[in-house]
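Thanks for coming. I will go through one structure, starting with its strands and then moving to a pocket and the rings.

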Amino acid sequence: MRYVIIGAGAVGGTVGGRLAQAGREVVLVARGRHLAALAGRGLRLRVPEGESTYRLPAVDGPDQLGELRTDDVLVLAVKTQDTVAALETWGEAPVAGGGTAAEKLPLVCLQNGVESPRLALRRFRHVYGVCVWLPSTFVEPGVVSAAGTPLTGILHLGRYPHGTDDTARRIAADLAAARLEAPVVPDVARWQYAKLLGNLGNALEAVSGPVDSEQARTLYASVRAEGEAVLDAAGIGYASAEEQKEARGDKVTLVPLDGAPRGGGSSWQSLVRGTGTIEADHLNGEIVLLGRLHGVPTPLNELLQRLANRFAREHRPAGSLPVAELARLAEEAQRADGL
């Protein structure tokens, strides 16, 4: 199979580089300065065993590839706010022998949150969800870093919304050869909702820096508690902390990488790169949406969603809001909701 990585950033670039290292055929899809760097100098992948450069085909869309192949796997790794545009671009791409990508090819949603597979299923017949556990960084065009060892990441994989098939197992085998464990599960959504709860801290980290003080940890615990209450009210199941710990164990241990930037998660990286957008609407905003649908107050997630969007829109520096000030705003938000 050939893997077309739509969005070769932190996660997409790492998966693409590791697959290429394992001898799989890979095409990278990017834009702007990142695309220029990939096309001109190749993908530089920094991992614990060293840095490697992969000269891979790099394009900005399907037109440069001509007809897609029947053995292509489309890996959607853009941020969720860019999902609809990517689906529109790739869904109608012709496939050799007839039909379109949306009709014929598997689409693997390698993304945070739970919204993208739902969006994809409106257009694509064969959608696969992934619970992404892959610590990685992309802040410099053409360069991605992944500090996990002995495995680079763990990617629970399954058909969306449920089920497994031979395609999922073939993809999982290729990922396993690329130092990416990929358990094939029939209930991938359960794992994605569990990861969503963890990702509720992304906006906190983006606006106020690492969640490493007692005040920040207390605030995150309250944000997560809102999320758990909402999922429980909605009757949405999610993998327990014990299940996640058993699945991950010590398979992905982070080590310092020479020359690699030290920073935060995906939302923090969006602010550092000055993209002007951030994924908070599909992380904290998912909890806000469900809370409104099921009558559960979510003032802390609303606050973080609003602040993260403002930081992105106004190009404010990542981590520039003191945690004490964020805690004050959180208290005000809770009082306004009568909590």
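Start at Leu28, which stands opposite Ala58 in S5. Strands here are DSSP runs of E with at least two residues, helices are runs of H or I with at least four, and both are numbered from the N terminus. Two strands pair if DSSP finds at least two bridges between them.

A word on the source: this is a predicted model, where local features need pLDDT of at least 70, side-chain atom pairs count only at pLDDT 80 or more, and totals for chains, interfaces and linings use all residues. Residues are numbered from 1 along each chain as its sequence is written, and side-chain values use heavy atoms, with hydrogens and water left out.

Back to the sheet. It is open, with 8 strands in the order S5-S2-S1-S6-S7-S8-S12-S13 and mixed pairing. Strand S5 (58-59) and strand S13 (180-181) are the edges, each pairing on one side only.

Next, the second largest pocket. Its lining includes Gln215, Leu300 and Glu331. Helix H9 (214-234) and helix H14 (323-336) are the elements that give two or more residues to that lining. A pocket is an open set of points on a 1 Å grid over the protein atoms alone, where a 1.4 Å probe fits, with protein on both sides within 12 Å along at least five of seven lines; lining residues have an atom within 4 Å of a point.

Last, Arg248 lies over the face of Trp133, 3.8 Å from the ring centre. The rule asks for CZ of Arg, or NZ of Lys, within 6 Å of the centre and within 35 degrees of the ring normal.
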